[in-house]
Amino acid sequence: MKALGPILAVVAAIIALWYAAAVPMNIQEVLTQAERAGAVVEPEGAMNRRDVSRFALVLRNADHLGESWSMERARLPAPHQVIKELWASTWDEEVNGRRGIVKSGSLSNRSLIYHGSITLGATIVGFLIGSGLGILLAVGIVHSKTMDMSVMPWAIVSQTIPIVALAPMIIVVLYSIGVEGLLPKAVISAYLSFFPVVVGMVKGLRSPDAMQTDLLRTYNASKPQAFWMLRLPASVPYLFASLKIGIAASLVGAIVGELPVQRGGLGARMLGGSYYGQTEQLWAALLFAAAMAAILVWLIGWIEGKTLRRMGVTP
Amino acid sequence: MILVVAAVAVWIGAWAFNGWLANGRLSGLASVRLAVPLIFGATVIVVWELIVRGLQVPPVILPPPSTIVGAFFGNFGILWPDFVQTFAKGALGGYVIGCGSALLTAILVDRYDFLRRGLLPVGNFMAALPIVGTAPILVMWFGFDWQSKAAVVVVMVFFPMLVNTVAGLRDTSAMQRDLMRTYGASYWQTLFKLRFPAALPFIFNGLKIATTLALIGAIVAEFFGSPTRGLGFRISTSVGTLALDMVWAVIVVAALTGTAFYGAVAWLERRMTFWHPSQRK
Amino acid sequence: MNQPVISASHLDLTFQTNDGPVHALRDVSLEIGKGEFVSFIGPSGCGKTTFLRCIAGLEEPTGGTLTVNGLSPDAARRSRAYGYVFQAAGLYPWRTIGGNIRLPLEIMGFSKEEQAERVRRTLELVDLAGFEKKFPWQLSGGMQQRASIARALAFDADILLMDEPFGALDEIVRDRLNEELLKLWDRTGKTIGFVTHSIPEAVYLSTKIVVMSPRPGRITDVIESTLPRERPLDIRDSAEFIAIAHRVRDGLRAGHIDD
């Protein structure tokens, strides 16, 4: 519990800063609205206010600031506004909405749960494919010198290349040959998680030191035996470390993959929110995606803990 | 059809050759270590060319490498301003601001233990989130031009850099810190003479990770909105018009930029941390 | 003796750990005069390193008094009264040998010319002249430890505190360094506190040997050495040497009676 104190303090400070920042950020709209409602604002007329600094406007109109935290389409929605929107587009929409799961039997296409599940589906499928293939390639690299010398340098170099730039193209190309829906996004997710898993797994499979591998040679152990009994168990911590990176990358891939052809998903929702100025929607979608990322990484950590404990490694 | 057969032959032949190189007596030579992956890469490109032409794959699906090279050199006039916009202004600007502020914050965090215990878990958490999602918000605040892309980059590189630097500053042994106490050294003397140089390997680890994140951030941010310039912009519009050879040309630019940027930081790392065991192999 | 340089009176140090209190030092009283070479010897946990660290102001005693040069250990530390040599050389790999010796001089504000002069002088003292531009990882363990001693001598503190400095080295190098340390002591006249595990080392080097035992950490015996100041290595075979070593061994055994 002692560890929680500073964390809560920092989080509280961030929230306080957020509220404070919302005031100068939203000031232009707030004053325009106040003027429309008849108040006298300084300086008068939206045109005259355009060139005045935000902080000056805040200082000069201190008594008109009440609306700063309840603006619609605010430049910076306040935390409670975002929470409200989150609630409205998840629980509220599904339980009470006309198209919600309670009233219509299927997820509402306005709810973040629906969009989140679309993104999640592509993320998980892509992640499984990408890490599965990555593990296989890593095993190949460790056991074949040809593969090691030919492919491994490219795996390392690929980490410096912004692979995500390929995303729009992959989506459009696959769509044009008729591959739609979850699969194109899963391809991008797979691609983004592939190389981190390869590099991490290779490092892990090679982690046993010379003393350990020499010992197995004195037992005349075969290569498969050395693999299953030494290399694979030794690689588990490295594998999970790169799986955490991989799943976060898969999520980013799925989100980016939803941008070119918007057929639902959190990425499409964020883009839509920014096009139509629905900032609360944007923020709510972003927070939902962030929560999903945190939960997925935590889940991998939990699986890691269970695996390590079964292997006899006390945490 | 002949081309496809040729492609298979090239693949088998090159793989066999590489196998002979890798498993033979020459495999230790530095030149061979460089040649094998290059041969592999060249083979992939040759086989790509042959298969795409042999199976007559429509260029809107997958153009052959020769067309891409043509597009790269042919469109240099467009690609250069795109590069400047995305990399020189967006990615680099955000990189410098993000890494610089992360370094200063790390020193603050190191000085005040309360901050470390509070900010670091939050920082670790933030580093794992899909920060690219902040791109539309930042475009709304900073406008379409490179400043919003730099802002996205700042947000993306800040936390990984902070986490790495703090880890580095803490990596001194109790003995080293005791030695400084026996000299009656002040906090700042200890910081600049001991902890900062000792932290350099970690700092460079963060800087290298940040190079990749910076480029990704700048490009993806442009997917969310951009003036009529920029690598991300070029990709999304070319994809829209199915000008895939242009898309691939942009990807080549991005790949070269990413590798060169990373390579530059790695070179600097070798010069400044020559003393570290990992650099002395 | 006239005013002792280091004076401990009924010193107590109790650590609070998860498994209960640990009496690292109990009722330790000792006086060290100027120019003495005092060895502290005892098994693990007897408090010899802890005592040295208390003198250095790196640990805070929980009872009793301790003065260094008439000041509190912390004040002595801040007035740069002593040089400390650890078990490991702990040289900075990013600085040359010369740069490493300059480290305390930079912190203490010596001028550039002074720094250069002192680096040259101390490197000669420890027989490392000419290695100024090398990096620590280019030197052997013994040479690194010699550089660490040079670093501790660079700022002319009157006191030298050494915590098992030769423990990680092989016996041949150790013998050589013991000889050199004695010559150094003779030339500079410093007051030296030296922690060691090795009975021959303690007897060979010191004017006074303090035997300590653990649980709780305390002084079992203080032996004033009768050996002459000039000591070739083969004095270790003399009857006098062996007699003193026996006395040390008895003191160590006495501390173990409770085991």
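User: Which residues of α5(B) are buried?
Analyst: B:Gly118, B:Leu119, B:Leu120, B:Gly123 and B:Ala127 are buried in α5(B). Buried means 20 or more other C-beta atoms within 10 Å of the residue's own, with C-beta atoms placed from the backbone. This is a predicted model, where local features need pLDDT of at least 70, side-chain atom pairs count only at pLDDT 80 or more, and totals for chains, interfaces and linings use all residues. Residues are numbered from 1 along each chain as its sequence is written, and chains are lettered from A in the order in which they are written.

User: What do the buried residues of α5(B) pack against?
Analyst: They pack against α1 (4-36) of chain A, and against α4 (76-111) and α7 (146-169) of chain B. Helices here are DSSP runs of H or I with at least four residues, numbered from the N terminus. Contact is counted when two C-beta atoms, placed from the backbone, lie within 7 Å.

User: Where is the kink in α5(B)?
Analyst: At B:Leu119, about 30°, shortly before the proline B:Pro121. The bend is the angle between axes fitted to the seven residues ending at a position and the seven starting there. End to end, the 15 residues of α5(B) (113-127) reach 20 Å between first and last C-alpha, close to the 21 Å expected at 1.5 Å a residue. The expected span is 1.5 Å times one less than the number of residues.

User: Switching to α7(A). Where does it bend?
Analyst: α7(A) bends by about 35° at A:Val151, and the proline A:Pro153 follows within four residues. A:Val151 is also buried, as are A:Thr146, A:Met149, A:Ser150 and A:Ala155.

User: What covers the buried residues of α7(A)?
Analyst: The cover includes α6 (112-143) and α9 (182-205) of chain A, plus α1 (2-23) and α2 (30-54) of chain B.

User: OK, chains. Which pair has the most contacts?
Analyst: Chains A and B, among the 2 pairs that touch. Chain A and chain C have no contact, and their closest C-alpha atoms lie 17 Å apart.

User: How many residues are in the contact of chain C with chain B?
Analyst: Chain C puts in 18 residues and chain B 14 residues. On the chain C side, α3(C) gives the most, with 4 residues. By class, that side has 14 nonpolar, 1 polar and 3 charged residues. Nonpolar covers Ala, Val, Leu, Ile, Met, Phe, Trp, Tyr, Cys and Pro; charged covers Asp, Glu, Lys and Arg; the others, Gly among them, are polar.

How values were computed: Helices (H or I, at least four residues) and strands (E, at least two) are DSSP runs, numbered from the N terminus. A residue is buried if 20 or more other C-beta atoms lie within 10 Å of its own, exposed if 12 or fewer, and partly exposed in between; C-beta atoms are placed from the backbone.
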